[in-house]
Amino acid sequence: MTAGKAFLKKNRKKRLEQGHPWVFPGEIERIEGNPQGGDIIHIVNHAGHFLAQGFYNPASQLILRVVTYSENDQINEGLFFRKIEQAWKRRQWLVPDAASCRVVHGEADFLPGLIIDKYEDVLVVQILSLGIEVRRQWVYNALKQLFNPRGIYERSDVPVRRLEGLEERAGYVDKPFDTKVTVLENGIQILVDVAEGQKTGYFFDQRENRAALKPLMSGWGARRGIKLSEDGWPVDAKGKQIKNPFWDGAEVLDCFSHTGSFMLHACLYGAKKVTCVDISEKAIEMAKGNALLNGFLHRTEFIAANAFDYLRDQVNQRKTWDVVILDPPAFAKNRQAIEGAVRGYKEINLQGMKLVRDQGILVTASCSYHLSTARFLSLLQEAARDAHKVLRLIEFRRAGLDHPVLLGSEETDYLKFAVFEVFNL
Ligand code: SAH
């Protein structure tokens, strides 16, 4: 039995049929029955032809969110269990070495508004839809059965919940436990506090992108005039022996470093020196702790500062690096904020590329889904023109394999990650 039926308008864009998982209020012709917020109802076209079943929330702009395209699915605890199990199996298949990863990625795992991140033996849940909110016990039961976790923590402390008519909430789901977890990523140990860190504690979406730093971290010695002598020692242009074992490594600026994941990878792959900059003192402390944990402290430097000011100051001081990494937070939280966000991204990239030595590397990301790939690339081009640089693309990447993307839903394709060689004009 369904609680109701939503008839969609005849003259609407057929987004739902093309894989988009949301229906907006203006697309609905009428609703039959008397569904309550959080109920699951059938979504049918103007002629009554079944399209999907979805969560109903009249208080939200996302009035319907697709849960299944099958008319026969009984949406009960068993279905939730199977969906979460399938999502986990998919991660075990695609990222078999990761004991820590995103297990459920909302709409793209057909569980709209549900995020589940696994940090070794700890699970973090974020609930962003009323439909999941009212069924959250099903989620917790499934997680206990599938993972037998040491603890589950809820991080629903995000303002977007208000758009669903929900209060922010964070805390232990059952009994308290130590929320500090050391996760392994590409062979690096990273200390995460799931109660305190940004989002659910860490950003798994850049796992593969961080590994992409590998070839960029070496090969810099020769550019500094260092050669190997006949007996195999590195020597500088004057023939003086170089003692630093990381003489071939890059000098790296990791801006918006958070707890230092890019810094840690840079060090793993042979960087000579990495400077971390983040506005959060807490993040910088964690980054320092992570450098220590991995034995990289002597190759790192930590600065708690506003990156906008820091970048400009360094440009004024004519400081330069071999590799500059920019991984800012989402400047555009909504569509209206996009123009301001573009200015922000352009500014940091403009200053960032000025700090790159000739033929050095700019690694730049945006996790704003309101900013399209085309717009991101065009603002980078504008910044390059203003900075008198030519950019040559090495690679363009997206979120990692545990963050699936629905082709019909650009919202699930939010992360852009580009690696450029930077030439002086
Ligand atoms: N690179 C990180 C993720 C970055 S998240 C990783 O891979 O884990 C964005 C970070 O930017 C957050 O840590 C936040 O504290 C920081 N931040 C936000 N605004 C900032 C600003 N104006 N200057 C410097 N850091 C800022």
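Two residues are in contact here when heavy atoms of one come within 4.5 Å of heavy atoms of the other. With that in hand, let's walk through this predicted model, starting at a serine.

S366 sits in strand β20, which covers residues 356–366. Its relative accessible area is 0%, so S366 counts as buried. Which residues surround it, once neighbours within four places in sequence are set aside? S366 touches Y345, L371, F376, Y414, L415 and K416. A polar atom of the S366 side chain also lies 3.3 Å from the backbone nitrogen of S368.

With a relative accessible area of 2%, S100 is buried, because buried means under 20%. Leaving out neighbours within four places in sequence, the contacts of S100 are K118, Y119, E120, V183, F204 and R207.

**Two helix pairs**

Two packed helices are described by the angle between their axes and the distance between the axes. The table sets out those values for two pairs.

| Helix pair | Residues | Angle | Axis separation |
|---|---|---|---|
| α7 and α8 | 307–316 and 338–354 | about 30° | 9 Å |
| α1 and α3 | 77–94 and 136–147 | about 50° | 9 Å |

The crossing of α7 past α8 is left-handed. On the α7 side, F308, L311, R312 and V315 make the contact, while α8 contributes G344, E347, I348, Q351, G352 and K354.

For α1 and α3 the angle is about 50°, and therefore α1 is oblique to α3. Here α1 passes α3 in a right-handed crossing. From α1, the residues E77, F80, F81, I84, E85 and W88 take part, and they meet W138, V139, N141, A142, L143, Q145, L146 and F147 of α3.

**An open sheet of six strands**

Turning to strands, an open sheet is built from six of them, ordered β2-β6-β5-β4-β1-β3, with mixed pairing. Which strands form its edges? They are β2 (22–23) and β3 (28–33), each of which pairs on one side only. Within the sheet, β4 (residues 40–44) runs antiparallel to β5 (residues 50–56), and five bridges link the two strands. One point to find on screen is H42, which stands opposite Q53 in β5.

**Two residues with positive phi**

Most residues other than glycine have a negative phi. In this model R318 has a positive phi of about 60°, though R318 is not a glycine. R318 lies in the loop between α7 and β19 (321–326), and at 73% relative accessible area it is exposed.

H388 is also not a glycine and has a positive phi of about 60°. Its place is the loop between α9 (373–387) and β21 (389–397). Is H388 buried or exposed? Its relative accessibility is 53%, and because exposed means over 50%, H388 counts as exposed.

Key
Residues are numbered from 1 along each chain as its sequence is written. This is a predicted model: local features need pLDDT of at least 70, side-chain atom pairs count only at pLDDT 80 or more; totals for chains, interfaces and linings use all residues. Side-chain values use heavy atoms; hydrogens and water are left out. Two strands pair if DSSP finds at least two bridges between them. Helices (H or I, at least four residues) and strands (E, at least two) are DSSP runs, numbered from the N terminus. Buried means under 20% relative accessible area, exposed over 50%, partly exposed in between (1.4 Å probe, protein chains only). A polar contact is a pair of N or O atoms within 3.5 Å; within protein, one must be able to donate a hydrogen and the other to accept it, and residues adjacent in sequence count only if both atoms are side-chain atoms. Axes are lines fitted to C-alpha atoms, for helices over the stretch in contact, and angles run from 0 to 180 degrees between N-to-C directions. A crossing is left-handed if the near helix is turned anticlockwise from the far one by less than a right angle, and right-handed if clockwise. Angles under 35 degrees count as roughly parallel, over 145 as roughly antiparallel, 65 to 115 as roughly perpendicular and the rest as oblique.
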